[in-house]
Every structure is written in C-alpha cells, then in structure tokens.
Amino acid sequence: MRFLPALTRVAALGAAAVLAATGLTACGDGGTTSEADNPYGLLQPGVLRAGTLTDAPPNVYLKDGKFTGFDNDLLTAVAAKVDLKVEFVGTDFSALLSQVNNRKFDVGSSSITITEARKKTVDFGNGYDFGYFGLDVPANSTITGFDQLAGKRVVVVQGTVQDDYATRENLNPVRVPDYNGAINQLKAGTADAWIAPAEIGDKSADDSNGKIKVAAKQLSPAPTAYAVAKGNDKLREALNKGLDEVIADGTWTRLQAQYYPGRPIPADFKPGSGTVAVPSPSAAS
C-alpha cells in the first residue's frame, strides 16, 4: 500500500508531460494567439475596443443605435489605415481613463484633453483636435462671462478638464456623471451655468428649444487625443501613423467641416505629428 502514492505521483507527472506536449503542439499549429497575430496587444486581435460616450454630440454620441461623432468617425478612419476594425462601447467619462489603463478598453475616444495629471494614468497619442470651453446658461440668465461665476451654482461633468477649471477657480462645482445630467440641471433651473466643451455646449443649446443659450467661450489650453494603456507603445504608434494618413488624405479636414461647420482652426494648431500638410476644405471635398 505504501507504493501507491509514489505510483500516483509518477502517473500525475506522466499526465502533465502529455498535457504540456499537447499544449506545445497546439501552439505550433496556431491554436493560440501569438504576438504576430496580435501585435498591439488588443483584447481581440484585429478589433480595437473603444470606450466612448453616448451623449456628447457632435464629438461622441449615439445616432440610430450607432456610435458616431467627429472623434469616433475619425478613430474608425484611423483604425482602418492600420487594418483594424473598431468596436465602440459606451461608458461614463469619469471611469474611462482607468478602464483604458486596466485594459477593459484598448483605447479611449471622447475628446480627451491631454493633461499632466492624466498622463499618470494613461498614455496619449498625438493631438487630433483643439477645443474651447463653452459657458451654457439658462435662457433668462444675465451671466455673460466666466468672470461672473463666483457664488453661482456651476455644474460640470466629473473628471473633465472643465471640472479641473472650475475647481482651480474655486467655484465649488456641482459634479454630474454625464452631459445629459448637466443639460437637465440647466433646463430645470437647478444650476446657474454649465462649463462644457464648447462644441457640445453649442449643440446642446441648439437642441434645447430655447431653454439654454451659450454665454461665452474660451480656448482650451491643450489638444485632445486618444488614450491607450500605459506602456502600450505599439498601439499608440500605430494610431499616430493612421492619424497622419487620414490627415494627409483629407479625411480629417472633411470631418472637421462636417461636424464643426464654420469653426475657425487656430493658426498654431497642427493635428497629428505636425509634419503632414493639412489639405484645405476645397481640396479635401
């Protein structure tokens, strides 16, 4: 009877050897994913899983069940240049960057302004857009500028650069998880002002049936970019390459005209690497 444990151990070792050999064979037969099959470390080879928002037109939003907007349409075009398809998933902005770095998403697409604080959580590609802060107020408001917000009830979306601005200016902002929450507070009269990305603020005012107006705008100090997990340099570089290609072929210019008609581009703003000529609207059409 004392020999049985030894025999059992021998049998177990033999079974482990068989399993190991089987596993090696499977790898040799292509049964597992290799780095060559998935060079960018994606959750699913060939598919870029993008975390985005559902309620922030014209930048990122849902239309007829499809994720669209300037940022998302541009990302789809960028991904195609490096032979990737995009799968969009809705989330809250306050959770987006941590979800990207934890690899729930391969990339974050939501007009994410590059800041030093955010660089501690994620890595950014090259900037693809600029932005303005917008100040939205109820239609009957007498507020006309950012310098009139002291003592007012100011709403911001949590985790945004608008939240950072309001905090830095000691405005004690009311934080909400999404843009619809901010819009609803203005419509209900429970907030005096909303500091928003200007393009989203413009669209929200246009769609409010006269309940909201834009009081002021000011240029944001940094560009927006796609976010990837810390250290995923291969994906970041691939997206940078694709971005330069869609700038060169006129896609970036066409999407700018489509989503931001009439919006002037600052003279010192250069999208992508800054080394690619940006076609004029007439040349890109």
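Strands here are DSSP runs of E with at least two residues, numbered from the N terminus. The structure is a predicted model.

**Exercise 1. Describe how helix 2 and helix 8 cross, and list the residues that make the contact.**

Solution. 
- Step 1. Helix 2 spans residues 70–81 and helix 8 spans residues 251–259; their axes come within 10 Å and cross at roughly 160°.
- Step 2. Angles over 145 degrees count as roughly antiparallel, so helix 2 is roughly antiparallel to helix 8.
- Step 3. The crossing of the two helices is right-handed.
- Step 4. Helix 2 contributes Phe70, Asp73, Leu74 and Ala77 to the contact, and helix 8 contributes Thr251, Trp252, Leu255, Gln256, Gln258 and Tyr259.
- Step 5. Sorted by class, the contact of helix 2 with helix 8 has six nonpolar residues, three polar and one charged.

**Exercise 2. Which residues of helix 8 are buried, and what covers them?**

Solution. 
- Step 1. The buried residues of helix 8 are Thr251, Trp252, Thr253, Leu255, Gln256 and Tyr259.
- Step 2. Their cover includes strand 3 (60–63), strand 4 (66–68), helix 2, helix 7 (233–248) and helix 9 (281–284).

**Exercise 3. Classify the ring pairs Phe67 with Phe88 and Phe70 with Tyr260, and locate each partner.**

Solution. 
- Step 1. A pair of aromatic rings is described by the distance of the centres and the angle of the planes.
- Step 2. The whole structure holds 10 aromatic pairs. In one of them, Phe67 and Phe88 are 6.0 Å centre to centre with 40° between the planes, a tilted pair.
- Step 3. Phe67 is in strand 4 and Phe88 in strand 5 (residues 85–90), 21 residues apart, and the pair links distant parts of the chain. Phe67 and Phe88 are both buried.
- Step 4. For Phe70 and Tyr260 the centres are 5.2 Å apart and the planes stand at 50°, so this pair is tilted.
- Step 5. Because Phe70 lies in helix 2 and Tyr260 in the loop between helix 8 and helix 9, the pair ties together parts 190 residues apart in sequence. Phe70 and Tyr260 are both buried.
- Step 6. Ring pairs join Phe70 and Tyr260 with Tyr128 and Tyr226 in a cluster.

Note on methods
Residues numbered from 1 in each chain as written. Predicted model: local features only at pLDDT ≥ 70, side-chain atom pairs only at ≥ 80, totals over all residues. Heavy atoms only, no water. Axes fitted to C-alpha atoms, helices over the stretch in contact; angles between N-to-C directions. Helix = DSSP H or I, 4+ residues; strand = E, 2+ residues; numbered from the N terminus. Parallel < 35°, antiparallel > 145°, perpendicular 65-115°, else oblique. Left-handed = near helix turned anticlockwise from the far one by under 90°. Contact = heavy atoms within 4.5 Å. Nonpolar A, V, L, I, M, F, W, Y, C, P; charged D, E, K, R; others polar. Buried < 20%, exposed > 50% of the residue type's maximum accessible area, 1.4 Å probe, protein only. Phe/Tyr/Trp six-rings, centres within 6.5 Å; stacked < 30°, edge-to-face > 60°.
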